[in-house]
Amino acid sequence: MTSNKQLEDLLERVARGDIDVATATARLVDAMRARPFEDLGFARVDHHRTVRQGFPEVILGLGKTPAQIAAIAAEIAARGSTLLVTRADSDAYQAVRVVVPQATYYADARIIGLRQEDVAKGKGVILVAAAGTSDLPIAEEAAVSAEFMGNDVTRLYDVGVAGLHRLLHARDALQSARAIIVVAGMEGALPSVVAGLVSVPVIAVPTSIGYGASFGGIAALLGMLNSCASGVSVVNIDNGFGAATVASLINHA
């Protein structure tokens, strides 16, 4: 038992008479005896992340070998937790499939995922806007991560400031969102434009896409940090997952 939702489900089953008190008590005792983390030698898998933060530990695939990713994924999946691996390549997916056959690879987002537990539903819609097609890997990382966290997601892609009419054509979608993630490289102007049109939080994600003077996303990062529009917060360069986490917390508040 790794989440508040699972505890609620167990108590509701007791209240309905679907399960007796003794069986429920045994399950609670087993859950309390379970170690809060599992030491794999190269990683300590945090099994209480859901209890503290509402979502299981997420594996960052970057810098890990396929074997390491697979070992951590197997431990998370074995506990019945939802599995989410970011920045994963096809080699990592093949390794994970051996130990977690039900896992799915979302190639555009570079995410390995498996839904195993119910999560609380977000109250509204998170909109993910991307300035250009080159920004889609980060935008998809944000969108898929937000969906795994229990949110309805609307995608609005290729609406950069070089053709502002494309963005303005989607004002209804912008106005109906509860939180907006805006992904942009180059000079990073799009979040300021979006924030000037809406009354909800905008989470800006600078990407490393751009020519030499963009300095691998630093120009976009600084531009977003210096936004003159109200309501813009900024995450690190290429951090689609981080933006999804913030937007999900807003949408569940």
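Me: Which strands does H6 lie across, and at about what angle does H6 run to E8?

Reply: Helices (H or I, at least four residues) and strands (E, at least two) are DSSP runs, numbered from the N terminus. H6 lies across E7, E8, E9 and E10 and runs at about 165° to E8. Contact means heavy atoms within 4.5 Å. Axes are lines fitted to C-alpha atoms, for helices over the stretch in contact, and angles run from 0 to 180 degrees between N-to-C directions. Helix H11 (residues 240-252) lies across E7, E9 and E10, at about 175° to E10. This is a predicted model, in which local features need pLDDT of at least 70 and side-chain atom pairs count only at pLDDT 80 or more, while totals for chains, interfaces and linings use all residues. Residues are numbered from 1 along each chain as its sequence is written, and side-chain values use heavy atoms, with hydrogens and water left out.

Me: In what order do the strands of the five-stranded open sheet stand?

Reply: Strands of a sheet pair through backbone hydrogen bonds, either parallel or antiparallel. Two strands are counted as paired if DSSP finds at least two bridges between them. Here the order is E8-E7-E9-E10-E11, with parallel pairing. E8 and strand E11 (232-234) stand at the edges with a single partner strand each, so one side of each is left without a neighbour in the sheet. The twist averages 25° from one strand to the next. Five bridges join E7 to strand E9 (residues 179-184), and Ile126 stands opposite Ala179 in E9.

Me: What is the pairing in the open sheet of four strands?

Reply: The pairing is mixed, and the order is E3-E4-E6-E5. Strand E3 (59-60) and strand E5 (104-106) are at the edges, each with a single partner strand, so one side of each has no neighbour in the sheet. Strand E4 (residues 83-86) and strand E6 (residues 111-114) run antiparallel and are joined by three bridges. Val85 stands opposite Ile112 in E6.

Me: How many salt bridges does a search of the whole structure find?

Reply: Side chains of opposite charge can pair when their charged atoms come close. A salt bridge is a side-chain nitrogen of Lys or Arg within 4 Å of a carboxyl oxygen of Asp or Glu. The search finds five. In one of them, Glu141 meets Arg87 at 2.6 Å, N to O. Glu141 lies in helix H6 (residues 136-148) and Arg87 in the loop between E4 and helix H5 (90-99), so the pair ties together parts 54 residues apart in sequence.

Me: Is Glu141 buried or exposed?

Reply: Buried means under 20% relative accessible area, exposed over 50%, and partly exposed in between (1.4 Å probe, protein chains only). Glu141 counts as buried because its relative accessibility is 2%.

Me: Which residues are joined with Arg155 into one salt-bridge network?

Reply: Arg155 forms a salt bridge with Glu140, the closest N and O atoms being 2.6 Å apart. Arg155 lies in strand E8 and Glu140 in helix H6, so this pair ties together parts that are 15 residues apart in sequence. Salt bridges that share partners join Glu140, Glu147 and Arg155 into one network. Arg155 is partly exposed, at 32% relative accessible area, whereas Glu140 counts as buried, at 13%.
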